[in-house]
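Hello,

Here is the structure you will be taking over. Please look through it first, then read the notes below.

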Amino acid sequence: QAQLVESGGGLVQAGESLRLSCATSERYFSTYAFGWFRQAPGKERVAVAAIGWGGNGEYVADSVKGRFTISRDAAKNTVYLQMNSLKPDDTAVYYCAASFASLDLVPTLEGECDYWGQGTQVTVSS
């Protein structure tokens with residue numbers, strides 16, 4: 001099974017930036033689509049961004065559009081979530097998820113994902 005390791009979370013003030021990383025192995029990286037999900041206290045886990053394998057498509061949630069960018073680096077077997085202009089409402093545990101997907105799938109639902117990382121906490125203060 002794929003192993004996903006998230007890093008890059010932390011405590012920042014509103015308006016600052018963070019970059020989250022999700023590292024996996026070369027064996028799985030090229031054949032998986034990836035999504036970033038987040039879960040705030042008392043709320044359901046929702047997708048914020050996703051990218052298909054082979055660069056077939058992207059998704060960015062309306063709530064973070066224009067501020068968050070998802071990318072993947074094949075040389076490092078890593079998926080990134082660049083988060084700019086952070087707001088207190090962005091505070092959540094952020095999860096990287098992988099989907100052994102078809103070419104056209106950009107995973108935005110939990111049921112579309114096969115593997116999950118442990119999550120990394122992002123806290124944005126006012």
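The lining of the largest pocket has five nonpolar, two polar and four charged residues. Here Ala, Val, Leu, Ile, Met, Phe, Trp, Tyr, Cys and Pro count as nonpolar, Asp, Glu, Lys and Arg as charged, and the others, Gly among them, as polar. Among the lining residues are Arg38, Lys43, Glu44, Pro88 and Asp89. A pocket is an open set of points on a 1 Å grid over the protein atoms alone, with protein on both sides within 12 Å along at least five of seven lines; lining residues have an atom within 4 Å of a point.

This is a predicted model, in which local features need pLDDT of at least 70 and side-chain atom pairs count only at pLDDT 80 or more, while totals for chains, interfaces and linings use all residues. Residues are numbered from 1 along each chain as its sequence is written, and side-chain values use heavy atoms, with hydrogens and water left out.

Asparagine 77 is buried, with a relative accessible area of 16%; buried means under 20% (1.4 Å probe, protein chains only). Asparagine 77 lies in the loop between strand E7 (68–73) and strand E8 (78–83), strands being DSSP runs of at least two residues (E), numbered from the N terminus. Leaving out residues up to four places away in sequence, Asparagine 77 touches Cys22, Ala23, Thr24, Ser25, Glu26 and Phe29, where contact means heavy atoms within 4.5 Å.

With neighbours within four places again left aside, methionine 83 is in contact with residues including Leu18, Leu20, Phe68, Tyr94 and Val122.

Regards

Key: Helices (H or I, at least four residues) and strands (E, at least two) are DSSP runs, numbered from the N terminus. Buried means under 20% relative accessible area, exposed over 50%, partly exposed in between (1.4 Å probe, protein chains only). On a 1 Å grid over the protein atoms alone, a cavity is a set of points where a 1.4 Å probe fits but cannot get out, and a pocket is an open set with protein on both sides within 12 Å along at least five of seven lines; lining residues have an atom within 4 Å of a point.
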